[in-house]
Amino acid sequence: MDTVLQQLINGLSLGAIYALIALGYTMVYGVLRLINFAHGDVYMLGAFAGYYLANALDLDASPSILGAIVVTLGAMAICAVIGVLIERFAYRPVRHHPRLASLITAIGVSLLLEYGGQVVFGANPRFFPQMIRAEVYSVGGVQITNQNLLIIVVAVIVMFGLEFIVHRTRIGKAMRATSFNLSVAKLMGINTDYVIAFTFALGSALAAAGGVMVALAIPRIDPLMGLMTGLKAFVAAVLGGIGNIPGAMIGGVLIGLLETWLSATAYSTYRDAAAFAVLILILLFRPAGILGSATVEKV
Amino acid sequence: MRVTTKILATAATVGVLLGLNYLFEYGFGDFRINAYYARILNLIGINVILAVSLNLINGLAGQFSIGHAGFMAVGGYSATFVTVYYGRAIAGLLGSSLDDATGAAVVMTISLLTGAAAAALAGLAVGIPSLRLRGDYLAIVTLGFSEIIRVIILNIPAVGGATGFTAAIPITNFFWIFAVAILTIVIVRNIAASTFGRVLATIRGDEIAAEAMGISTTRYKVLAFVISAALAGVAGGLSGQLFANPLNPQNLNFVRSIEIIVMIVIGGIGSISGAVFGATALTILPEALRRLDQQFPGLRMVTYALLLILTMIFRPQGLFGRREVSWAWLRRRGQDRPAAAIK
Amino acid sequence: MDCASTAWLLLAAVLLSTVACERKSDGVADTTGDIPVGFYGSLTGDGASFGQSSREGAELAVDELNAAGGVLGRKLRLLVEDDQSKPEEASNAVTKLVTQDKVVAVIGEVASRRTLAAAPIAQRYQIPMITPASTNEKVTEVGDYVFRVCFIDPFQGEVLAKFAYNDLKARKVAILRDQSQDYSVGLTDSVAQHFTRLGGQVLPPVSYSSGDADFKAALTRIRSDKPDVLFATGYYSEAAIITRQARELGMKMPILGGDGWVGDALQNGREALNNTYISNHYSGDNPDPIVQNFVSTYKKRFNRDPDAIAALAYDAIKVLADSLARAQSTNGPKLREAIASADVPGVTGRLKMNAKRNVDKPAVVQEVTYAGGKVTFVYKTTINPG
């Protein structure tokens, strides 16, 4: 029994990681209809930004919660700037080319970050400083670390935060308008360039927060860490209904639980294929995802 | 007359290829083909098949697949499987062996056809669910598909699992690679010039308009997709049975698919000549840049990525655009006469 | 006409390039100047740690030999090629070394699948290849021109199984394997086979893939079976995270691994690494002067402790040099004969080629400890083959 409970906790922790990244994917897709392949790599950059900041503050030797918050905010700020730069110099110039051009550009940016990362940081995995010491809570034979708990809590906060921004604020209204029809939004006097840049800044900052949180719990970072995790997070976003914020959360947790369940059975060798198999099934039977539908308001 | 010309052209092509193949294997007098160059040339041929076939779906039909390596894997592993496990038996039925030219040729034909069929089936299975949907879903599904294939291959010990299919028998040679490369070019070229090709061009231009004109867009897209997959499968079969080039799940991943995409994007999406050029250039370049890559590890892929982005921003049509390098085009350039006058 | 034109264009290109490729064959090997020795390795990509270590070990050996006057009165020159951790690139690199650079022998690779991809080339062109650290059984079965200076996986599995059964008194063991690495799959089979033969119980192996970061589901499953010992047969990068997450789940049993654990990133496991053991090719603690001499010169030159991979690459060059001297020739077949009868004292033990072109060497078991920000391998025991 405690094994089942433990696996549930494991699945939730893993799912929260996917969900955290999926939220950023889904937001950018909601506004621009662009699969931002580089999102997983911004997540990686966030982890590396956190790595350098935390080492500069020597947080590995002297952990502190305040330090961790400073590092996370710093990484978020750095990645927000990177996100805006990527949008300005790679995506904006091709925004009016055919859709294919945007997609190829996105793949290009993703490769650039992954391999540029290998050139700059080296291919060897690094150890992420333990800004918050791992503590294992044990309840009735079920273990969870404070770091995993943190990821789950942050994912939930981010989800509600995004829902609030998109549905309750002025800029959220502008985002929804841009998503609905970019040209008309422009005619209505909305500075769509600004809205899109804001979306990228927000999405990238979230990716960075995710990167730092995950690196804290699984302290091995390398330039390719965003590749698979990013792809699976994207699948999670599609599963939940791309463009739908609570959907990304649900999709992430479902993929996490599914992978955990597979790992715990004799089919552990097929675990990496599971997310993609689910994707194909979803597209066959419910192309809009679990929460998505043609009429639901996106972004 | 036209039929005679075609037959003659085919015979001449086969003759030339066989002659070259002899040169490759046995040399001519004191001369030998340098094995390193020969290997690169063979890899160029395989990449030409991959690029031109991907061009059918990405260029002509305007659908974006990023899982070409997956189809290459399906076809390649099936083809190699046939040769490894049934090759000797098949050759034996003919009273021949795999070391014999006839026996090897028959086994190669059967193995490549099996590879093509397997990849085509995979193309059908992937194409039907995803081609009904918007373009970018195809991208992500093809990517997912190639990941699934990779994981499945890892779980089949009969094909080597993680070690790669090192049991492969090296029966691929220069002749087969370039015969298939030329065949691929002819097939894709003829499709582009046919009614089917016009339909694909219409779908690329405006899918809704095509639908309104009564075209069953999904059917045509799936058909193009299946042909493209089958050709990639043949390329896999050739690649996996090339000397010292065993198929390996690690090689048939996302990055391999991207490399093929870079080839057609650089050459010009939709142009067969462009795909041939891109495949050739991007096979030679990394070998020429070996030293550079050693000093700055990873720089090659960084260059690829920058090439992709910059091409998309400044020259989205690629080097060739949709133009083809043909006799008519060359003559037109030389004599400054309208094309119609030549025909 | 239009459709044939593209095809003809391709043909023309082919013709042109073949003409450019033509070159007079020369069967006579150079007898003057430096002796070119090929080296290929994963200097970049996910196996970069192996490539760099083996390169350093080989370079050190070549420089020492040259400083002592070289071989056959000539100096050795190491030509290094990177294969980016990809099997296909390994074949390209070795083809270039053998046919273009005309090397007399090839040293490499560490990972078995890359050696397996490139070995047929050495065999076809009759250029001996000595792999420092490819432990997969199949590698030297490619042909009689392929040699190795390390033990093989079946032996390593036996060593680990024996150590777990006899020294750790384990009776029920679990195995976590990297299904995407042939090395890990092979080692898993071998451990399972030998442990069962000893009379122990082996739980069904649980799989992951290189690059995975979350092993808690697999570990929780293993935990519920309460094994005495856990084997993690993959490479260092994941091994660090596996030990860490196992400890977080309250699994305190010893964790065992193979020589693939040896890599910089293993230190990411930190305190969790305590109570783990590995089988290895050599121990830097060995007081034998040949070992201590190697350790100190390596440290002086590269400013870090040599790992087993570096030691093996160093030994591979030593075997090659010794064989060149005995063959009195750089000719492939003659050199092959000499390597086949090599019997050289090496840093990693006595290097005596057997009929299968492998060496029968003992393996050491080391305890991994983490203290003061540093991983150390403490010698535990030596296990002999047979």
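**Exercise 1.** What distance separates the centres of domain 1 of chain B and domain 2 of chain B, taken over C-alpha atoms?

*Solution.* The model is a predicted one. Begin with the bounds: in chain B, domain 1 covers 1-33 and domain 2 covers 36-254. The centres of these two domains of chain B, taken over C-alpha atoms, lie 25 Å apart.

Next, consider the contact, to which domain 1 of chain B and domain 2 of chain B each bring eight residues. On the side of domain 1 of chain B that touches domain 2 of chain B, helix H1 (residues 2-26) of chain B gives the most, with seven residues. By class, this side of domain 1 of chain B has five nonpolar, two polar and one charged residues.

**Exercise 2.** Describe the side of chain C that touches chain A.

*Solution.* First, count the residues: 29 of chain C are in contact with 26 of chain A. Second, identify the elements of chain C: helix H2 (48-67), strand S9 (206-208), helix H7 (216-224) and helix H8 (236-248) each supply at least two residues of this side. H7(C) gives the most, with six residues. Third, sort by class: the side of chain C that touches chain A has ten nonpolar, 13 polar and six charged residues.

How values were computed: Residues are numbered from 1 along each chain as its sequence is written. Chains are lettered from A and ligands numbered from 1 in the order in which they are written. This is a predicted model: local features need pLDDT of at least 70, side-chain atom pairs count only at pLDDT 80 or more; totals for chains, interfaces and linings use all residues. Domain bounds come from an automatic or database domain assignment. Two residues are in contact if their C-beta atoms, placed from the backbone, lie within 7 Å. Helices (H or I, at least four residues) and strands (E, at least two) are DSSP runs, numbered from the N terminus. Ala, Val, Leu, Ile, Met, Phe, Trp, Tyr, Cys and Pro count as nonpolar, Asp, Glu, Lys and Arg as charged, and the others, Gly among them, as polar.
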